[in-house]
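Let's take a friendly walk through a protein fold, one piece at a time. Have a look at the structure below, then read on.

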Amino acid sequence: MPSDRYIDPMRQALEAATEAANTGDVPVGALLLDATGTVVTVDHNRREELSDPTAHAEVLVISARAREIDDWRLTGHTLVVTLEPCPMCAGAAVMARLDRIVYGAADLKAGAAWSLYNIPQDRRLNHRIDLIEGVLADECSALLTGFFADRR
């Protein structure tokens, strides 16, 4: 699938990411698209807000959608996220049976969808996920770089 079709959803994820920064969280935003390409849930990192180490944007949108449709299997869904998923989030995507992960910025320190590991496509697991990387990567990276520069 051409990555151009994910530019608008990634822009929505970037908008959500800016909300995370407003609450002191690392600015990562995520959303889920259903099989028709419709945005069905959007969120951002909320670790600081919720005092919850698992409150990553990806986990929040996966959990919200599963509760909404009353099914943990999210086959047909695409995760769009501004930063390459960490091992926890990549594992959650596999467990949820997502079809695809689209991400913006690579995470060279904790990325688990190419940079350090490739959990979504590990043949030892019972489900594999298509990956599309680098959608609006410069914008996604700039948001994170600016956030951390302000903190130093």
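## Partners in the sheet

Leu 79 has Ile 101 in E4 as its bridge partner, and Val 81 is partnered in E4 by Tyr 103. These pairs belong to strand E3 (residues 78-83) and strand E4 (residues 100-105), which run in the parallel sense and share five bridges. Two strands count as paired if DSSP finds at least two bridges between them. The names come from DSSP runs numbered from the N terminus: helices are H or I runs of at least four residues, and strands are E runs of at least two.

This is a predicted model, where local features need pLDDT of at least 70 and side-chain atom pairs count only at pLDDT 80 or more, while totals for chains, interfaces and linings use all residues. Residues are numbered from 1 along each chain as its sequence is written, and side-chain values use heavy atoms, with hydrogens and water left out.

## The whole sheet

Now zoom out. Five strands form an open sheet with mixed pairing, in the order E2-E1-E3-E4-E5. Strand E2 (39-44) and strand E5 (130-133) are the edge strands, each pairing on one side only. On average, neighbouring strands are turned by 15° against each other, direction ignored.

E4 is largely enclosed by the rest of the structure, because six of its six residues are buried. Buried means under 20% relative accessible area, exposed means over 50%, and partly exposed lies in between (1.4 Å probe, protein chains only).

## Two helices side by side

The axes of H3 (residues 57-69) and helix H4 (residues 87-95) come within 9 Å and cross at roughly 25°. Axes are lines fitted to C-alpha atoms, for helices over the stretch in contact, and angles run from 0 to 180 degrees between N-to-C directions. H3 and H4 are therefore roughly parallel to each other (angles under 35 degrees count as roughly parallel, over 145 as roughly antiparallel, 65 to 115 as roughly perpendicular and the rest as oblique).

Which residues meet here? Glu 58, Val 59 and Ile 62 in H3 meet Met 88, Cys 89, Ala 92 and Ala 93 in H4, where contact means heavy atoms within 4.5 Å.

## A buried aspartate

Asp 107 sits in the loop between E4 and E5. Is Asp 107 buried or exposed? Its relative accessibility is 15%, so Asp 107 counts as buried. Leaving aside residues up to four places away in sequence, Asp 107 touches Leu 83, Glu 84 and Ser 115. The C-alpha atoms of Asp 107 and Leu 83 are separated by 6.5 Å, although these residues are 24 residues apart along the chain.
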